[in-house]
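Hello,

Here is the structure I promised to pass on. My notes on the ligand site and the pockets follow below it.

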Amino acid sequence: MKKGKVIIISAPSGSGKSTIIKHLMAQPELRLVFSISATTRSPRGQEQHGRDYYFISPDEFRALISQNAFVEYEQVYAGIYYGTLKDKVERQLAEGYNVVVDLDVNGGERVKALYGDRALSLFIQPPSIEVVRQRLEGRATEAPEDIEKRIERAAYELSRAPHFDRVVVNDKLADAQAEAYAIINQFVNGD
Ligand code: 5GP
């Protein structure tokens, strides 16, 4: 069976990335599966263990690092770790699925370097930092100090967009979804 490909999606918090990923996952011809990361942060809103993330303790995370269980991991915010689990991704690829990995920009660049031409790196860009602030305040799932941390981080992430294979600006959601779909469809189903 043909091995799957890796779709790396990175974007600042509040860029509409999760909505776009959900839309893409619902298109059967893309044969996408989502790589569920492990994280030490607490669940937010309706998030569920084993569906959105594996929510684990810092001790469990450290144990996985020492077992070399991660493709990559990153301290995205102070004291909060996120990591991609190697055996899960490898199994999904071997089964012929195209694996979506939702990563911060550092993780995104590292995974692209690891998988080379078998990976497509896509950066979803919000129209402006002001829009990021409005979206984060609107969803009201973070404490005010966490919103500030995420806005600071967003400015850094935006500066890394040129390192990605493709950039999609999410100004109008339907347009951004259509553009992301076309790019990924070409990558997984084109010649
Ligand atoms: P959130 O807390 O909003 O779910 O995610 C925060 C950031 O961590 C996002 O930029 C997301 O892409 C990133 N992230 C989620 N899982 C991983 C992972 O396994 N590795 C890396 N490097 N970043 C991740």
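**Pockets and ligand**

Helix H1 (17-25), strands S5 and S6, helix H5 (129-139) and helix H6 (144-159) each supply at least two residues of the lining of the largest pocket. Helices (H or I, at least four residues) and strands (E, at least two) are DSSP runs, numbered from the N terminus. H1 gives the most to this lining, with six residues.

Before you go on: this is a predicted model, where local features need pLDDT of at least 70, side-chain atom pairs count only at pLDDT 80 or more, and totals for chains, interfaces and linings use all residues. Residues are numbered from 1 along each chain as its sequence is written, and side-chain values use heavy atoms, with hydrogens and water left out.

A pocket here is an open set of points on a 1 Å grid over the protein atoms alone, where a 1.4 Å probe fits, with protein on both sides within 12 Å along at least five of seven lines; lining residues have an atom within 4 Å of a point. The lining has 39 residues, and Lys17, Ser18, Arg44, Glu47 and Asp102 lie nearest the centre. By type, 10 are nonpolar, 13 polar and 16 charged. Nonpolar means Ala, Val, Leu, Ile, Met, Phe, Trp, Tyr, Cys and Pro; charged means Asp, Glu, Lys and Arg; the others, Gly among them, are polar.

The ligand takes up the space of the largest pocket (more than half of its atoms lie within 2 Å of the grid points). Strands S5 (70-77) and S6 (80-85) are the elements that give two or more residues to its shell. Around the ligand are 17 residues (a heavy atom within 4 Å), the closest being Ser37, Tyr53, Glu72, Tyr82 and Asp102.

Which residues make polar contacts (N or O pairs within 3.5 Å) with ligand oxygen atoms? A polar side-chain atom of lysine 17 is 2.9 Å from one. For arginine 44, a polar side-chain atom lies at 3.2 Å. Glycine 83 uses a polar backbone atom, at 3.3 Å. The protein buries 94% of the 510 Å² that the ligand exposes alone (Shrake-Rupley, 1.4 Å probe).

The second largest pocket has about 180 Å³ of space. H6 gives the largest share of its lining, three residues.

Best wishes

How values were computed
Polar contact = N/O pair within 3.5 Å; in protein donor to acceptor, adjacent residues only side chain to side chain. Points joined across faces, edges and corners; volume = space filled by probe spheres on them.
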